[in-house]
Amino acid sequence: MRSACLLTILLLPLCAQDPVHLRVDATDAPRRLFHVQMSLPAKPGPMTLLYPQWIPGEHAPTGPIANMVGLRIQGGGKTVPWKRDSVNMFSFHLDVPAGISSLDVTFDFISPPESEGFSSGSSATSELAVLNWNQLILYPEGTQPDDASYQATLRVPNGWRYGTALPIRRESGNEIEFEPAPLTTLIDSPVSTGAHYRTIDLGSEGGAPHYLHMAADSDRALEVSPEIINQYKNLVKETGALFGSRHYRSYHFLYTLSDHVAHFGLEHHESSDDRYSERTLIDPEPQKASADLLSHEFVHSWNGKYRRPSGLIAGGHDGGYSTPMKGDLLWVYEGLTQYLGEILAARSALWTAEEYRESLAATAAALDTKFGRTWRPLEDTAVAAQVLYDAGNDYADYRRSVDYYPEGTLIWLEADVMIRQQSKGAKSLDDFCRAFHGGPGGAPALKPYIFEDVVAALNAVQPYDWAAFLNQRLHSTEAHAPLGGIQHGGWKLAYDGTRSEFWKALEEDRKEVDLSYSIGLRV
Ligand SMILES: [Zn+2]
């Protein structure tokens with residue numbers, strides 16, 4: 001019922017109320033400074049402005065409030081004083097004077113120097129930048145992100161090109177004027193821009209065009225081979241074969257190739273913010289090590305954006321980005337995405353079948369030897385996601401980490417193998433994906449789910465006690481990892497003295513010697 005209502009809201013072409021006008025000047029991006037100017041409707045009396053705190057896809061309160069500086073608010077040409085809330089650091093209180101119908105808000109955002117940490121990590125170099133709009137806006141308390149309209153204008157440094165899923169109204173020189181968009185869509189549509197930039201058309205499938213936008217620290221890094229381009233074209237086709245429909249108008253991979261930005265992937269409905277090292281597309285080792293990055297983030301358009309655990313909808317309908325997220329179903333949101341991202345990398349020829357199996361072996365070995373699994377069940381790693389992403393690497397085997405990614409791979413592989421065996425080859429997890437993540441498609445929509453919906457959808461494909469199957473794996477404190485998918489698939493996790501080609505590539509890429517399974521040392 002909730003999803004049908006949301007669908008209607010999302011399909012409205014424009015929002016009825018006056019849009020907030022947002023101007024972002026990114027010409028100082030090489031100095032890591034972004035200048036923001038907003039004009040927003042207001043009425044006299046008390047008002048509270050919020051800076052986005054809980055960032056979709058990051059599953060944590062990671063809004064970079066410490067780097068939001070220089071805040072000035074004016075009404076009718078006069079300064080309007082503001083006061084930060086003493087409990088909520090993301091909240092600013094003010095009194096709008098009589099006779100004022102709009103406020104002018106200005107501030108700067110400092111993009112941090114070299115540091116990890118998703119979109120709040122380093123995102124700008126002298127040659128490129130990735131803009132995430134959640135860092136560049138304020139919104140009035142009580143705003144429903146689907147209903148509030150924001151009309152953005154962006155200035156990029158002279159000569160820099162750009163890519164984004166946000167629909168463009170017009171552009172002139174280095175200024176881009178976007179169509180008004182709901183706040184949900186704005187925050188879901190980052191922009192990558194840079195001096196060394198290349199856009200590759202990956203083809204239209206299911207009525208939607210697909211683009212690979214690459215920003216790099218050098219022109220050399222953009223010399224990607226036709227073979228790799230074909231593999232990404234395969235990826236577009238393989239997702240169509242898997243899911244049967246697409247929930248976007250167009251799709252944009254924003255691939256940033258730099259040794260000086262944070263490395264991660266962040267999913268969006270119509271794009272993904274993917275970042276890896278400068279030579280990823282021209283050297284074999286980083287290419288192999290990151291081959292499932294784009295496929296993982298792409299899968300999220302279906303599993304994560306279209307279908308989302310109801311507890312992870314912060315910016316949707318619960319009143320903005322200050323609502324805490326609940327991560328208990330991240331073993332579906334991230335775990336199934338991890339499994340499918342790896343499978344699709346192999347189906348698209350980004351990995352060979354052998355490389356897929358070597359990756360799976362590395363995953364299985366890492367989980368099978370973790371002491372922390374004897375006290376911390378898998379579900380707790382998901383519930384505690386908001387603290388585990390940032391936990392250190394010391395005592396990681398005792399603490400456990402965001403294990404719902406790799407262990408999700410093992411659990412969904414086992415479910416896939418079981419469906420295939422019990423149906424005598426007639427069905428597979430692909431049928432579950434088509435039923436659960438398919439649907440009419442054509443434009444972004446959101447269909448929330450709970451645990452029972454996942455169980456029911458599995459049962460509809462292959463009757464079984466899926467609730468017991470999943471609960472056992474989610475709540476277990478057994479010393480060993482669930483390797484049933486590997487074993488029942490006819491394989492075995494084995495250790496020997498010879499490094500596989502895939503293992504070599506990983507060590508080379510990470511500049512690391514990993515002797516975890518012999519003398520117990522990583523250097
Ligand atoms: Zn993910």
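**Close-up views of a predicted model**

**View 1. Packing of helices H7 and H12.** H7 (335–347) and H12 (406–422) pack at an angle of about 70 degrees, with their axes 7 Å apart, the axes being lines fitted to C-alpha atoms over the stretch in contact and the angles running from 0 to 180 degrees between N-to-C directions. The two helices are therefore roughly perpendicular to each other, a term for angles of 65 to 115 degrees. The contact (heavy atoms within 4.5 Å) involves residues including Tyr-339 and Glu-342 of H7 and Trp-412 and Asp-416 of H12. This is a predicted model, in which local features need pLDDT of at least 70, side-chain atom pairs count only at pLDDT 80 or more, and totals for chains, interfaces and linings use all residues. Residues are numbered from 1 along each chain as its sequence is written, and side-chain values use heavy atoms, with hydrogens and water left out.

**View 2. The buried residues of helix H13.** In H13 (residues 429–437), Leu-429, Phe-432, Cys-433, Phe-436 and His-437 are buried, that is, under 20% relative accessible area with a 1.4 Å probe and protein chains only. Because they cover an arc of only 100 degrees around the axis, they lie on the same side of H13, the arc being that of the directions from the helix axis to the C-beta atoms. Their packing partners include H7, H12 and helix H14 (451–461).

**View 3. Two loop residues with positive phi.** His-59, in the loop between strands S3 (45–50) and S4 (68–75), has a positive phi of about 55 degrees although it is not a glycine, and His-59 is buried at 4% relative accessible area. Phe-118 has a positive phi of about 50 degrees and, at 22% relative accessibility, counts as partly exposed, the class between 20% and 50%.

Methods: Helices (H or I, at least four residues) and strands (E, at least two) are DSSP runs, numbered from the N terminus. Angles under 35 degrees count as roughly parallel, over 145 as roughly antiparallel, 65 to 115 as roughly perpendicular and the rest as oblique.
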